[in-house]
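I opened this model to record two topics.

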Amino acid sequence: MPVIGVTGGIGSGKTAVTDRFASHGIDIVDADVVARVIMEPGRPALEAVKAHFGEDVLLEDGSLNRARLRQVVFANPDQRRWLEALTHPLIAEEIQQRLGSATPPYVIFASPLLTETAQSAFCDEIIVVDVPESVQLNRTMQRDSNDQAQVERIMAAQASREQRLQMADRVIDNSGTLEQLYQQVDALNASLRAQYAESGQ
Ligand code: ATP
């Protein structure tokens with residue numbers, strides 16, 4: 001099954017894009033969703049985290065206290081590496097399983113970290129949702145009621161606009177209206193359907 005990666009910085013419009021692809025009946029595998037799912041109660045990753053960090057990183061109902069875990073690993077690079085060594089293979093496995101069970105003609109793999117991680121290896125092509133940094137900043141601040149410094153910190157930790165554009169096979173310009181965004185996604189869907197139906201993949 002052809003895998004089309006969709007990436008972009010915080011607040012660039014990835015969710016708006018993938019929601020539109022989904023409205024055309026295209027399956028979406030979302031790396032953020034997978035990262036949460038592998039840490040659900042009953043999953044081996046949560047058991048390992050509990051054994052390593054103790055009950056302190058759990059909420060009262062036994063689910064993961066994400067804010068607490070973030071604090072712990074943020075303060076300690078060794079612990080962060082331990083957590084990544086545990087979770088990255090499990091996330092990759094779950095992503096592969098979901099991509100493998102998606103329906104034709106192609107599947108969208110949405111990840112904010114395609115540029116930063118080996119996840120680009122899952123993709124046959126990569127679509128980058130692109131906006132100027134000022135638009136990214138304003139839309140994210142509005143959506144999350146975060147202040148400018150907070151959003152700028154997150155943006156600084158992500159790949160740059162140029163780095164993302166360098167790996168793009170196709171670019172969606174989301175600096176305009178939502179209607180203009182949807183028109184681009186609709187055209188891309190038509191193009192991808194034609195391409196992958198023709199190649200018989
Ligand atoms: P994150 O990486 O933080 O999950 P994202 O890339 O998924 O972000 P969205 O949540 O889709 O980005 O978009 C960010 C915000 O901007 C949302 O509130 C969304 O409704 C809004 N938005 C997206 N595209 C447009 C647009 N073309 N015009 C106006 N608002 C938009």
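I examined strand E5, residues 170–173, and found that its side chains alternate. I took buried as under 20% relative accessible area, with a 1.4 Å probe and protein chains only. In a regular strand, side chains alternate between the two faces of the sheet.

I noted that this is a predicted model, in which local features need pLDDT of at least 70, side-chain atom pairs count only at pLDDT 80 or more, and totals for chains, interfaces and linings use all residues. Residues are numbered from 1 along each chain as its sequence is written, and side-chain values use heavy atoms, with hydrogens and water left out.

Strand E4, residues 125–130, runs parallel to E5 and is joined to it by four bridges; two strands pair if DSSP finds at least two bridges. Asp 130 stands opposite Asp 173 in E5.

Next I turned to the ligand. Its shell holds 14 residues, the closest being Lys 14, Thr 15, Arg 143, Asn 174 and Gly 176, where a shell residue has a heavy atom within 4 Å. Helix H1 (14–23) and helix H6 (133–144) each supply at least two shell residues, and H1 gives the largest share, three.

I recorded polar contacts (N or O pairs within 3.5 Å). A polar side-chain atom of Thr 15 lies 2.6 Å from a ligand oxygen atom.

Technical notes: Polar contact = N/O pair within 3.5 Å; in protein donor to acceptor, adjacent residues only side chain to side chain. Buried < 20%, exposed > 50% of the residue type's maximum accessible area, 1.4 Å probe, protein only.
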